Amino acid sequence: MTQEPPPWIAASSGAGGDVAASYNWEHAESLRSKKMAWSPWRVRPEPPNAVPPIMLTGGIPDPDSLPIDDFIASNERVLRREGMFALQYGGPQGYPGLREWLAKDINRREGLDLRAENFVLTCGSSGGLENLVEALINPGDVAIIERPCYPGSTRVIMSCLAEIEGVPVDADGLDCDALEQTVARITAARKTPKLLYTISNFQNPAASTLALERRQRVIEICRRNNILIVQDDAYGAITFGREPLPSLFALAGGDGAVLLGTFSKTLATGLRVGWIMAAQNIVDAVTRMRFDMGVSPWTSRMIADFCESGTYDEHVPRMIEIYRRKRDLMLSSLEERCTKFARWNVPAGGFFVWLELSEGVDPVALDQATLEEGVGYVGGKAFFDNGDGANYARLCYSNVAETEIPEAIMRFGRALERASAH
Ligand SMILES: Cc1ncc(COP(=O)(O)O)c(C=O)c1O
């Protein structure tokens, strides 16, 4: 099948479009590597109505609260003070000043004794996962993920040609009995279960948090079977109320567990700065393997200045209040409009509400009805690598304007009603 050339080629090829005409796109298809992994993302067609859709899709920060002026101030200070260093390569482990701040901050919150050496700066937490699995996973190793799971991570793990096994998640996080059975099945098949990937706080998409007793049990199961725990803590700082639970890294005494962190959700996704927090042997493996020339020293130094000046500690509680208000508004709107068609749990942090659709709701009809009503959501299937999940939906409250939430949920409720009539 001949493919259309990508639009930038067509646009740049001048009146005759010669570049596009001379390139064999079928050949380009054949260049795709074996690492090209499954992707659930689909482009939805243009809505057939004139109503501009309200999107409850992207798990990204509130656009009005991005700290742009503070970033400008930090940026200017950094370039004037240390521009020569900010504008050079920074090495595979990343700017030590930011790693020192991270160590201090996490030591204070978790009562640990980490040093800058325990951190590697990465291109967000997704880049951290990529660096980690590239260093640790061999083709054919088995990686255990949660079902549902953030599909970007599933993709990254699959791209290392690992086999994937999924363990269900309920309101208290990963189901430990199912984990135990899954590990037994893998080892009985003489395969190596190498890694467990878990989003233990305010899971994306299920919005659940792994209970303390389950954290202990996960550590015990993984230790017994020599499985590395990779806790992706993208949303851990966005907590509404109760004290955050200790990380699996802290509970495991830093042995057999790694934590992935990011500034994407607390500050801005465009920074592309996150980190791997790990014991020295894992840090060494990652930095030895890595050859992407590291994270931008400029951005890392700008973030370090922002954090050291105390602005980060003022910013995060402000963001949490915004998300708490939006969550409450989304929950009360759902309560008003949607109880007949779905159920959900109350997220204690993070960006999402995860809906289990009632039996009578037809997910295909819902997809069409939301298009026509003008509201965007993510269908549950996107979060399951095994084709399940059609009877779930993820709604995100972080990025939509607060004033639009009631209208968005009213539209979603109407779409649910229409999809139930089938
Ligand atoms: C669980 C989880 N991990 C990682 C990411 C990607 O984060 P980053 O921007 O830090 O790569 C996301 C983004 O939605 C996420 O939900």
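How accessible is Arg337, and does it count as buried, partly exposed or exposed? Arg337 has 38% relative accessibility and counts as partly exposed, where buried means under 20% relative accessible area, exposed over 50%, and partly exposed in between (1.4 Å probe, protein chains only).

Before going further, note that this is a predicted model, in which local features need pLDDT of at least 70 and side-chain atom pairs count only at pLDDT 80 or more, while totals for chains, interfaces and linings use all residues. Residues are numbered from 1 along each chain as its sequence is written, and side-chain values use heavy atoms, with hydrogens and water left out.

Select Glu336 alongside Arg337: their side chains meet in a salt bridge at 3.8 Å, N to O, a salt bridge being a side-chain nitrogen of Lys or Arg within 4 Å of a carboxyl oxygen of Asp or Glu. Glu336 is exposed, with a relative accessible area of 62%.

Next, select Arg324 and Glu321, whose side chains form a salt bridge of 2.9 Å, N to O. Both residues lie in helix H13 (residues 311-337), three residues apart, about one turn of the helix; helices (H or I, at least four residues) are DSSP runs, numbered from the N terminus. Arg324 is partly exposed at 25% relative accessibility, and Glu321 is likewise partly exposed, at 36%.

Arg418 is partly exposed, with a relative accessible area of 37%, whereas Glu373, at 12%, counts as buried. The whole structure holds 29 salt bridges.

Finally, select the ligand and the 13 residues around it, of which Ser126, Asp232, Tyr235, Thr262 and Ser264 come nearest; a residue is near if one of its heavy atoms lies within 4 Å of the molecule. Helix H6 (residues 124-136) gives the most to this shell, with three residues. A nitrogen atom of the ligand is 2.6 Å from an N or O atom in the side chain of Asp232, and an oxygen atom of the ligand is 2.7 Å from an N or O atom in the side chain of Asn204.

Conventions:
Polar contact = N/O pair within 3.5 Å; in protein donor to acceptor, adjacent residues only side chain to side chain. Helix = DSSP H or I, 4+ residues; strand = E, 2+ residues; numbered from the N terminus.
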